[in-house]
Amino acid sequence: MAFVDELAAFQAERLAPILGAGRTALASAAPGAATPPLDTSRLDTSPLDTSLLRIALANEIQVSELAAAWMPTTRELDVKLAFARQAGDEAGHFELVADRLGALGQDLAGFAAPDNPLFQYLRSLTSTVERVAAGLVTLEAIAYGVNENFIALCEQRGDSETARIYRAYIQPDEQRHHQLGQQLIAKYAVSPDQQELARATVARVLEIASAARASAAARLGTACFPGC
Ligand SMILES: [Fe+2]
Ligand SMILES: [Fe+2]
């Protein structure tokens, strides 16, 4: 099996509980669900709980900043350009989500994304293999997966416009970022040491993201919220 396929299987296995938690939250929030929602008292009665979109906003700007920070300190030209493109795309996602929040009546003046352990860890990565494995391969896989659950939640709540924005613009980018990451990992993680480093990085990102999402889920009252 090619290393990139092996890494994808390893990642999918560790990503499954995160996506499963979102699907469970989605099912329990469905009208007429046998199990009551986790905590509906903390959710808006508006078509969509805008605090969930604010999470997306914070994630998008933080991934954009991360990719922008990595760009000048990455030597390999194709990886440098991948980070530059990712930084721009995530800035575009920020604008799309911000516009949607504005249309839902939210005032974003003074918005600031809170720092968190996941981005602290990501910023500490210095090698190209670690950065690609963490940022393009893993963060993007998480984003794509949790956004799929979030789209289903939007549709469940009747917010077809937010679902449309995710389907038409955000998800195709996240998928492309992830695929580009896989191509770059196949190219640069060639020695056993580099491959072990890639595997360890994927595991660490999923471990930190999993803990961060669990604590955010407890705060938000649902495990179904978007990524970057
Ligand atoms: Fe992305
Ligand atoms: Fe994004």
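Q: Are H5 and H7 parallel, perpendicular or oblique to each other?
A: Two packed helices are described by the angle between their axes and the distance between the axes. In this predicted model, the axes of H5 (residues 128–156) and H7 (residues 192–220) cross at roughly 40 degrees and come within 9 Å. Angles from 35 to 65 degrees fall between roughly parallel and roughly perpendicular, so H5 and H7 are oblique to each other.

Q: What is the handedness of the crossing of H5 and H7?
A: The crossing in which H5 passes H7 is right-handed.

Q: Which residues make the contact?
A: From H5 come Val129, Glu130, Ala133, Ala134, Val137, Thr138, Leu139 and Ile142. H7 contributes Gln194, Leu197, Ala198, Thr201, Val202, Val205, Leu206 and Ala209. By class, the residues of this contact are twelve nonpolar, three polar and one charged.

Q: How many helices and strands does the chain have?
A: The chain has seven helices and zero strands. Read from the N terminus, its elements run α-α-α-α-α-α-α.

Q: What does the radius of gyration say about the chain?
A: The value is set against that of a compact globule: for 228 residues this would be near 17 Å, and the chain has 17 Å, so the two agree. Along the principal axes, the C-alpha atoms fill a box of roughly 55 × 35 × 30 Å.

Note on methods. Residues are numbered from 1 along each chain as its sequence is written. Chains are lettered from A and ligands numbered from 1 in the order in which they are written. This is a predicted model: local features need pLDDT of at least 70, side-chain atom pairs count only at pLDDT 80 or more; totals for chains, interfaces and linings use all residues. Helices (H or I, at least four residues) and strands (E, at least two) are DSSP runs, numbered from the N terminus. The radius of gyration is taken over C-alpha atoms; the globule rule is 2.2 Å times the number of residues to the power 0.38. Axes are lines fitted to C-alpha atoms, for helices over the stretch in contact, and angles run from 0 to 180 degrees between N-to-C directions. Angles under 35 degrees count as roughly parallel, over 145 as roughly antiparallel, 65 to 115 as roughly perpendicular and the rest as oblique. A crossing is left-handed if the near helix is turned anticlockwise from the far one by less than a right angle, and right-handed if clockwise. Two residues are in contact if their C-beta atoms, placed from the backbone, lie within 7 Å. Ala, Val, Leu, Ile, Met, Phe, Trp, Tyr, Cys and Pro count as nonpolar, Asp, Glu, Lys and Arg as charged, and the others, Gly among them, as polar.
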